[in-house]
Amino acid sequence: MSGPRLFAIIPTYQHFAYAKRAVESLYLHTKEKLEVLLIDDASEKWLQQDWSLWPKGMKLHHFPKNGGLTRSWNTGLRVARDMGAEYTLCANSDLIFTPGWLNSLVWALQNGVDLVGPLTNAPGHRPKQRITQYLPDYKLTDNREYLTKIAVRVRDELGSKSFIESGINGFCMLARTATWWGNAFDSTNVFNPKRKMVGNEDELQKRWKKRGKLLAVALGSFVF
């Protein structure tokens, strides 16, 4: 495959300080051939950003009118398909990636899983992704040294080659690009465009499960 091994879609709406931290940690802790596309949903402060301070090589797209998260993910997925990316990550902008975060996710996709997510501190309505279920002594902090220790512990204690079947929170979803599009809503959208913000990942996962696709949490991956 001529495209990147991993194509990451980072949607933004304001809160650029969080997004910058997310992109920096993504580049720092991803050893694969990586393309990052930051897609902004009509943020008022877009023109105030000094993009020279951001990681070099990332791609930028700015919508002049607000259209919702789903539009950003669908737009990024079309770019990933056109670039021939092997894997595509649909993420949020307020993440901190940790060392080795990708390895367990890719292993799951190579061993029968179709859509996978990591453990995290804030999984919303997906309790099987909650880090404290597996490491009860986990403390809530964004300290990078501590997050690195947690990343090592989940691999050592839970196994870098292990997953559990479960729906996942939409903050960080990985699949093969071919799988995204092989189970797309239509020829131009992977996610249902009518679900502009809320419930977009739930609708997709419900649709995929009806098709027999396996959704899972990779226990050896942690993303804050």
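**Values and definitions**

Reply: Within β8, Phe-222 is the bridge partner of Leu-119. The model is predicted, and local features need pLDDT of at least 70, side-chain atom pairs count only at pLDDT 80 or more, while totals for chains, interfaces and linings use all residues. Residues are numbered from 1 along each chain as its sequence is written, and side-chain values use heavy atoms, with hydrogens and water left out.

Me: What makes β5 and β8 a pair, and in which sense do they run?

Reply: Two strands pair if DSSP finds at least two bridges between them. Strand β5 (residues 115-119) and β8 are joined over 5 bridges, so they count as a pair, and the sense is parallel. Helices (H or I, at least four residues) and strands (E, at least two) are themselves DSSP runs, numbered from the N terminus.

Me: In which sense does β6 pair with β8, and over how many bridges?

Reply: Strand β6 (residues 163-165) pairs with β8 in the antiparallel sense, over 3 bridges. Opposite Glu-165 stands Ala-216 of β8.

Me: Why is β8 called mostly covered?

Reply: Buried means under 20% relative accessible area, exposed over 50%, and partly exposed in between (1.4 Å probe, protein chains only). Of the 8 residues in strand β8 (residues 215-222), 8 are buried.

Me: What does Phe-222 touch?

Reply: Contact means heavy atoms within 4.5 Å. With neighbours within four places in sequence left aside, the contacts of Phe-222 include Thr-98, Trp-101, Pro-118, Ile-131, Tyr-138 and Val-154.

Me: What makes a group of residues a nonpolar core, and which residues have the most contacts inside the largest one?

Reply: A nonpolar core is a set of buried Ala, Val, Leu, Ile, Met, Phe, Trp, Tyr and Cys residues joined through side-chain atoms within 4.5 Å. The largest such core has 35 residues, and Leu-115, Trp-180, Phe-191 and Phe-222 have the most contacts inside it. A second, separate core of 33 residues includes Phe-16, Leu-102, Val-106 and Val-116.

Me: Why is Gln-205 called buried, and where is it found?

Reply: Gln-205 has a relative accessible area of 2%, and because the limit for buried is under 20%, the term applies. Gln-205 is found in helix α6. Beyond residues up to four places away in sequence, Gln-205 touches Leu-115, Arg-126, Gly-167, Ile-168, Met-173 and Leu-215. The buried residues of α6 pack against α2, β5, β7 (172-176), α5 (177-182) and β8.

Me: How do you know whether Gln-14 and His-15 are buried or exposed?

Reply: The relative accessible area of Gln-14 is 15%, so Gln-14 is buried. His-15 has 55% relative accessibility and therefore counts as exposed. Gln-14 lies in the loop between β1 and α1 (16-28), and His-15 is found in the loop between β1 and α1. Gln-14 has a positive phi of about 60° although it is not a glycine. The phi of His-15 is near 45°, a positive value in a residue other than glycine.

Me: Why is Phe-7 called buried?

Reply: Its relative accessible area is 0%, so Phe-7 is buried. Phe-7 is found in strand β1, and its contacts outside four places in sequence include Glu-35, Leu-37, Val-79 and Tyr-87.

Me: What makes a space a pocket, and what is the volume of the largest one?

Reply: On a 1 Å grid over the protein atoms alone, a cavity is a set of points where a 1.4 Å probe fits but cannot get out, whereas a pocket is an open set with protein on both sides within 12 Å along at least five of seven lines; lining residues have an atom within 4 Å of a point. The largest pocket has a volume of about 240 Å³. That volume is the space filled by probe spheres set on the grid points, which are joined across faces, edges and corners. Its lining has 13 residues, of which Pro-11, Thr-12, Tyr-13, Leu-69 and Met-197 lie nearest the centre.
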